[in-house]
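Q: I'm new to reading protein structures and would like a close look at a single part. Could you walk me through it step by step?

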Amino acid sequence: MGDQNKSLPEPAIGASRTLPGTINALAVAYYGSDAWQKLATDTQKNRRRVIERFRAQHGDKRVALLRREHILGMLAAIEGRSAKRRWLKAIRGLLQAAVPTMRRDDPTEGIAGIKMPKTKGHHTWTDEEIAQYRAHWPLGTQQRLVMEFALETASRRGEVVRIGPEQVRNRRIR
């Protein structure tokens, strides 16, 4: 008799408070899905932020009742192209996870992605601008260290901001 209980899976934390078929239940399922696991860590972090805000507003609502016009209305209320783009990508991924278990279709299907305007990219500092920065921030300041590190390693900003003591081994950055 005792062996039968061991084969039952442990319920997820908070499962008793999550009603089946709701946005909350979908988010829990999505976070445990293969699609979620395949996303890069930074992508997961950014999308989780969007999904959790969406969940806070609509978590108890039924996924099956969500319509395309609801998505378009929420999208229209968001200011800024980047924010709209981030929101749509996160919510699209979430709702695709609902098909076919909680929905027959994806209400974001057919909604065009948010196009970003063409730019010339970031301005590359001139030698004079680098000299001006060095004159303003002396050696030993954190600002100067970051700038020198970025220049000398040719690292991207996203990589430079993640560097910390945990990447230093034997006096070398790994």
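This is a predicted model: local features need pLDDT of at least 70, side-chain atom pairs count only at pLDDT 80 or more; totals for chains, interfaces and linings use all residues.

Which side chain meets that of Glu148 in a salt bridge (N to O)?

A: The partner is Arg134: the side chains of Glu148 and Arg134 form a salt bridge, 2.6 Å from N to O. Glu148 belongs to helix H8 (residues 142-153) and Arg134 to helix H7 (residues 127-136), so this pair ties together parts that are 14 residues apart in sequence. As background, side chains of opposite charge can pair when their charged atoms come close.

Glu148 has another partner to look at. Arg144 also makes a salt bridge with Glu148, and here the closest N and O atoms are 2.8 Å apart. This time both residues, Arg144 and Glu148, sit in helix H8, four residues apart, which is about one turn of the helix. Put together, Arg134, Arg144 and Glu148 are linked in a network of salt bridges.

Now, are these three residues buried or exposed? Glu148 has a relative accessibility of 16%, so Glu148 counts as buried. Arg144 is at 12%, so Arg144 counts as buried too. Arg134 is at 32%, and therefore counts as partly exposed.

After that, go back to helix H8 and look for Arg144.

A search of the whole structure finds four salt bridges. One of them joins Arg103 and Asp105, whose closest N and O atoms are 2.9 Å apart. Arg103 is buried because its relative accessible area is 6%, whereas Asp105, at 41%, is partly exposed.

The rings of Tyr133 and Trp137 have their centres 6.5 Å apart and their planes at 45°, so the pair is tilted. Trp137 has a relative accessible area of 26%, which means that Trp137 is partly exposed.

To recap the part you asked about: Glu148 pairs with Arg134 and with Arg144, and the three residues are linked in a network of salt bridges.

Note on methods. Residues are numbered from 1 along each chain as its sequence is written. Side-chain values use heavy atoms; hydrogens and water are left out. Rings of Phe, Tyr and Trp (its six-membered ring) pair if their centres lie within 6.5 Å; planes under 30 degrees apart count as stacked, over 60 as edge-to-face and the rest as tilted. Buried means under 20% relative accessible area, exposed over 50%, partly exposed in between (1.4 Å probe, protein chains only). Helices (H or I, at least four residues) and strands (E, at least two) are DSSP runs, numbered from the N terminus.
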